[in-house]
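Here are some numbered comments on this structure, written for a colleague who has not looked at the entry before. They are meant to be read with the sequence and the coordinates open.

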Amino acid sequence: MTQRRARGEGGLHWDESRQRWIATLTVGYTPAGKRIVRKGSGKTKTEARTKLREKIRDYEDGLALVKDGQTVADALIDWLAYGLSRQSDSTRANYSTLVNSHIVSDLGARKLRDLTATDVDRWLMGKAQHLSTRTLRLLHSLLNRAVNRAMARDKVKRNVVALCTVPTGRGGRPSKSLTLHQAKALLVAAEGSPLHAYIVVSLLTGARTEELRALTWAHVDLKGKPANEPPLPPSIQVWRSVRADGDTKTRKSRRTLALPARCVTALTTHHEHQGQPSADRLVFVSAAGTALDRHNVLRAFRPVVARAGLDPRDWTPRELRHSFVSLLSDSGVSIEQIADLCGHSGTTVTESVYRHQLRPVLLGGAVAMDRIFDAEA
């Protein structure tokens, strides 16, 4: 005669409403004395017992029970809502657009527990046909961070996204630099433009656009200290940026740059046009007096490019920095000096990012720019 199982030893029964076999087992008790039961279901007895064994193994390994209904979209929505508290509004908006356009639309309906590394590999390879490698890396990072958060909250056992490598995407539009002739034409075309001083300072100092948009008059010295020994030239203190934390891109990016004479003239005129603003006011603002964003700068930049005889579709404000590197290199300034002026931590970044703008050679920043542009006012 078959001995009946004792209470709590587990069992196997057919659930008519679910049309599945249910295997159960008591694996322990809570401090209050309540039984901890694990269940596994399947279309066959073997499948139900296998699922139960998996859950018992997870329990013994200290893993919480994964919530079966969690989808990739749920994980991404949760991460966007709670995982970006330190990011700026613009960054959150950008990430949200990328997530909804490229991840949720393709993988969102997938159950998180069913997502495989093959799924992610196939998704990335499909995206590689249309997106740049940089965008692919960002998309992989966003999904990886969302699944990491879900894993930390017991919504999934492991992060398969971390197992996948990012393929090479489409080549982006390579940055280029203005020739000396084009640079002079652009400076002439910028005269009278609201962006005149911005273009002059960007081209002749190589400051990043996010650094110039955060520059205040307190960090601009238009007189210098000529009586000092050695004399201190007029300068700008590039100590802040429009990043979420207000800091510059790297520690080495925090620097003070001497101003070429043309920059001093342009900024002096700009200061007068602003009505002698207070020290805490931004140097470069919109027509409404508000802070510039990259879209404001691009819109104002394009008409100037057109007046210089160039195609506005081919040039962006960040290429003023590339042009700065190219013009200095052509003039004989060493790569070490250029790296310092650009705020790079070493010459490796300068060589890898600006390699098309560099020429072999040897000289200094503001002095060289004064010579290049004949100290024109």
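1. W79 and Y95 are both buried, and in this predicted model their rings form a stacked pair, because the centres are 6.2 Å apart and the planes stand at 20 degrees. W79 belongs to helix α2 (residues 72-82) and Y95 to helix α3 (residues 89-107), so the pair ties together parts that are 16 residues apart in sequence. A search of the whole structure gives three aromatic pairs.

2. Another of the aromatic pairs is formed by W14 and W21, whose ring centres lie 5.4 Å apart with planes at 65 degrees, so this pair is edge-to-face. W14 is partly exposed, with a relative accessible area of 34%, and W21 is likewise partly exposed, at 22%. Q19 is found in the loop between β1 (11-15) and β2 (20-29), and its phi is positive, near 55 degrees, although the residue is not a glycine. With a relative accessible area of 43%, Q19 is partly exposed.

3. Helix α3 also holds H102, which counts as buried at 18% relative accessibility, the cut-off being under 20%. Leaving aside neighbours within four places in sequence, which residues is H102 in contact with? They are W123, K127, L131 and L139.

4. For the chain as a whole, the secondary structure comes to 14 helices and six strands, and 42% of the 377 residues count as buried. Of the contacts between residues at least 6 apart in sequence, 61% join residues at least 24 apart. The accessible surface of the protein chain is about 21100 Å², and 51% of this belongs to carbon and sulfur atoms.

5. The largest nonpolar core has 50 residues, and the members that touch the most other members are L186, I199, I236, L267, F284 and F373. Among the elements that give two or more residues to this core are α6 (180-190), α7 (196-205), β5 (235-238), α9 (261-273) and α10 (294-307), and α7 gives the most, with seven residues. A second, separate core of 29 residues includes W79, together with L98, L107 and L115. As general background, nonpolar side chains tend to be buried together in soluble globular proteins.

6. Not counting residues up to four places away in sequence, I236 touches V201, T205, L215, H219, V220, R255, T256, L257, L259 and L267. In the loop between β4 (220-221) and β5 lies P230, and a cis peptide bond, with omega at about 0 degrees, joins E229 to this proline.

7. Helix α9 has 13 residues and reaches 19 Å from its first C-alpha to its last, which is close to the 18 Å expected at 1.5 Å a residue. Its buried residues are R262, C263, V264, A266, L267, H270 and H271, and L267 is also one of the residues that touch the most other members of the largest core. Just after the helix, G275 takes a positive phi of about 75 degrees. Q276, in the loop between α9 and α10, has a positive phi of about 50 degrees without being a glycine, and this glutamine is exposed, with a relative accessible area of 51%.

8. How many of the residues of α11 are buried? Eleven of its twelve residues are, and the helix is therefore described as mostly covered, buried meaning under 20% relative accessible area. α11 is followed by G332, whose phi is positive, near 105 degrees.

9. A last point concerns a charge over an aromatic ring. K176 lies over the face of W315, at 4.6 Å from the ring centre.

Terms used: Residues numbered from 1 in each chain as written. Predicted model: local features only at pLDDT ≥ 70, side-chain atom pairs only at ≥ 80, totals over all residues. Heavy atoms only, no water. Core = buried A, V, L, I, M, F, W, Y, C linked by side-chain atoms within 4.5 Å. Buried < 20%, exposed > 50% of the residue type's maximum accessible area, 1.4 Å probe, protein only. Helix = DSSP H or I, 4+ residues; strand = E, 2+ residues; numbered from the N terminus. Contact = heavy atoms within 4.5 Å. Expected span 1.5 Å × (residues − 1). Phe/Tyr/Trp six-rings, centres within 6.5 Å; stacked < 30°, edge-to-face > 60°. Lys NZ or Arg CZ within 6 Å of the ring centre and 35° of its normal. Areas by Shrake-Rupley, 256 points an atom, 1.4 Å probe, with all protein chains shown as cover.
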